Amino acid sequence: MGKIAIMGAMPEEIEPIIATLHDLRETEYAANVYYEGNYKGQEVVVAYSKIGKVFATLTTAILIERFCCDKLLFSGVAGAINKELKIGDLIMADGLCQHDLDITAFGHPYGFVPEGDVCIWADSWLKQIAKKVAYDKNLILKEGIIATGDQFVASSERKEWIRQTFKADALEMEGAAVAVVCASLDVPFFVLRAISDSADMDAGFDFDEFLKSSAKLSANFILSMVEKLKNQ
Ligand code: SAH
């Protein structure tokens, strides 16, 4: 089995993962740090991209092209759109779209540019592995559409627009960028998010309160997936 990339956007999202690695090696590259190590016999490369689609694109491409990872697992937090999602709940992306991509002036749908897709689908085998992990650990794992954009959404109106336009269940700022790069390079990918806030008026406050605990829930789940993948 090849190397697995594990990516987050912020330090809090990858610190719980790095803390578990053996033979840790750090490489500085492209104004960032990449952590290579071993988790229960599986080689992994871990990095946080920094926030937003551009940094996420850069880091995903580097994990694949320079560090030769053949799968990518994203771990992080997100704002809930679907009312069934509460703080701390886990959602894996089925499809991912870009809610801030807009050339509708030319008659295209929101989230679409020529030669692109509105929605990019995560790898079904990795989703199956995740379902097995959830079953083994007796955890509830939801599945849905994740909408990505370069905005921290803290508005019920904006959230409702994203729900209606993309049928999205959760929103964040990196997932669709990861999806575009991985799909273009034909690398299977998986995006997991634990809810940190509800993307409404209280989002900023909730985010600060729950970032660490939710990030850890997501990170722990991803580590179990790595273990399961190793044993496949
Ligand atoms: N507090 C941070 C900024 C966090 S931005 C600072 O000041 O540096 C929010 C991050 O969490 C992004 O990486 C995004 O992917 C995710 N996220 C969680 N809730 C979100 C929301 N309501 N809207 C957009 N992104 C959200």
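Predicted model: local features only at pLDDT ≥ 70, side-chain atom pairs only at ≥ 80, totals over all residues.

A: Happy to. The crossing of α1 past α6 is right-handed. On the α1 side, the contact is made by Glu12, Glu13, Pro16 and Ile17, and α6 brings Leu211, Lys212, Ala215, Lys216, Ala219, Ile222 and Leu223. Sorted by class, this contact has seven nonpolar residues, four charged ones and no polar ones.

Glu13 sits in helix α1, which covers residues 11-18. Its relative accessibility is 1%, so Glu13 counts as buried, the limit for that label being under 20%. Setting aside residues up to four places away in sequence, Glu13 touches Ala215 and Ala219, along with Gly8, Ser75, Gly76, Val77 and Arg193. With Val77 there is a specific atom pair to look at: the side chain of Glu13 reaches the backbone nitrogen of Val77 at 2.9 Å.

Now follow α6 to its other helix contact. Helix α6 spans residues 203-230, and its axis comes within 9 Å of the axis of α3 (residues 124-137), with a crossing of roughly 110°. That angle makes α3 roughly perpendicular to α6. Here too the crossing is described as right-handed, with α3 passing α6. From α3, the residues in contact are Trp125, Leu126, Ile129, Ala130, Lys132, Val133, Ala134, Asp136 and Lys137, while α6 supplies Asn220, Phe221, Ser224, Met225, Lys228 and Leu229. By class, the contact of α3 with α6 has nine nonpolar, two polar and four charged residues.

Gln232 lies in the segment after α6. Apart from neighbours within four places in sequence, Gln232 is in contact with Trp125 and Ile129, both of which also belong to the α3 side of the contact with α6. For a sense of scale, Gln232 and Ala179 are 53 residues apart along the chain, and their C-alpha atoms are separated by 24 Å.

Conventions
Residues numbered from 1 in each chain as written. Heavy atoms only, no water. Helix = DSSP H or I, 4+ residues; strand = E, 2+ residues; numbered from the N terminus. Buried < 20%, exposed > 50% of the residue type's maximum accessible area, 1.4 Å probe, protein only. Polar contact = N/O pair within 3.5 Å; in protein donor to acceptor, adjacent residues only side chain to side chain. Contact = heavy atoms within 4.5 Å. Axes fitted to C-alpha atoms, helices over the stretch in contact; angles between N-to-C directions. Parallel < 35°, antiparallel > 145°, perpendicular 65-115°, else oblique. Left-handed = near helix turned anticlockwise from the far one by under 90°. Nonpolar A, V, L, I, M, F, W, Y, C, P; charged D, E, K, R; others polar.
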